[in-house]
Amino acid sequence: MSFAKASVRDAEVAGRRVLVRVDFNVPLDGGEVADDMRIRAALPTIGLLRERGAAVVLAAHLGRPEGKPDPALSMAPVGRRLGELLGIEVKQATGVIEGDIDLKCGALGPGDVLLLENTRFEPGETENDPKLAESLAQLGDLYVNDAFGAAHRAHASTEGVAHHLPGYAGLLLEREMTELTAVAESPRKPLVVVLGGSKVSDKIGVIDRFLEIADRILIGGAMCFSFFRAQGIGTGDSLVEEKGVELAAEALERAQGSDCELTLPVDLVLGRGFDADTERRQSDGVEVPDGWMGLDIGPRSAALYAEAVASAGTVLWNGPMGAFEMEPFAAGTRTVAEAVAAATGTTVIGGGDSVAALRKFGLDDRVDWLSTGGGASLELLEGKKLPGVEALLDKETPDKGTANKERTDA
Ligand code: ADP
Ligand code: MG
């Protein structure tokens, strides 16, 4: 099933003002953008709109300012970085819907770019306040959502506004939807899913769905200890999510009755504490003695997982295999990352720390798709609908019934 929402490519934008929701939720360091991956990911949509003669008004959030202005979370550094990347002056507003917005919006010509202040400075943003959505809608003649990473939230700038303007999918959002949906709906087989990270509860929805679809699910990360606990295996001082134990037990039971093989590690790397300099040793099996914690999958497990990845038609990877931020416990994640990079099958990486791991190892350009959305990619993979996507126009009728919602004073 192909992505059914109207694309920005098919929108009439010349001479019009387009309100674009982007995901510029980037890490800052000393008042500058520390990592511009998400800004770069929005460039194709911004570039397309400018080329076609649109004036671009960008809306985005940064961090969690909780409904009031916070100078430390101003979009100013993001605007500067975007300006460098585009090679133009990016105009910046002092507010989201207030302040100098009308003046600055009115002065925009074709190809100009205006960046609004952090949408979460407005309390109505996360409450999806219809009044804020309406005010945002005044800023454009049409709306484009390219913020895949925020599309699982029904907020004023991601969902509400699309009830007041014809809404189109941006190029990034479209690609994310296509790549991630294809993994579940039309994967080349065998489909191998590698899941790690800290909590079972974060990923149980994905496990449940892929037990029905995948040929194999390989479990690593701290999450495996909920499974071991459920099997009555000692986990020592390992990080165990208590409510994950019950979920893991249920998943193990469901796996019994499915055609999907659920695989757990066969060996581990143990540490005395959660610390790079801690005493470390390899365990032969998976029983963790008291006084030790499992911080990585062991080499036999890593080799097993790498082999499964190598022979897969499609690989979906979400969540590191261990505490990879600490070099002594990064080997399992690195082995899996290298296998994913070398795989001949289609490789899709589902956001968050697994993307960070691939980038750390310099392998990020060797996979087929690296999602920009952590939570959004998980919800989509679980089979949930994303409110920020649902609110957009359907492909078949890109303009019908919406003309009356457009501004007449443009
Ligand atoms: P993702 O963002 O890719 O979905 P998560 O956020 O679920 O992944 O989990 C990532 C975190 O899990 C990392 O910070 C990593 O250090 C931690 N982690 C992985 N394995 C272990 C482990 N065995 N013990 C403690 N923490 C772990
Ligand atoms: Mg994470």
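1. How many residues has helix α11, and how far does α11 reach from its first C-alpha to its last? In this predicted model, α11 (residues 331-342) has twelve residues and reaches 16 Å, close to the 16 Å expected at 1.5 Å a residue; the expected span is 1.5 Å times one less than the number of residues. Helices (H or I, at least four residues) and strands (E, at least two) are DSSP runs, numbered from the N terminus.

2. Among the buried residues of α11 are G332, V336 and V340; buried means under 20% relative accessible area, exposed over 50% and partly exposed in between (1.4 Å probe, protein chains only). The cover of these buried residues includes β9 (191-195), β14 (293-297), α10 (299-310) and α12 (353-360).

3. Helix α13 (residues 374-381) is mostly covered, with six of its eight residues buried. Its buried residues pack against α6 (171-185), α7 (200-213) and β15, where contact means heavy atoms within 4.5 Å. Just after α13, G383 takes a positive phi of about 100°.

4. K189 and P190 are joined by a cis peptide bond, with omega about -5°. P190 lies in the loop between α6 and β9.

5. E66, although not a glycine, has a positive phi of about 60°. E66 is found in the loop between β4 (55-59) and α3 (76-86) and is exposed, with a relative accessible area of 68%.

6. Residues are numbered from 1 along each chain as its sequence is written, and chains are lettered from A and ligands numbered from 1 in the order in which they are written. Local features need pLDDT of at least 70, side-chain atom pairs count only at pLDDT 80 or more, and totals for chains, interfaces and linings use all residues, while side-chain values use heavy atoms, leaving out hydrogens and water.
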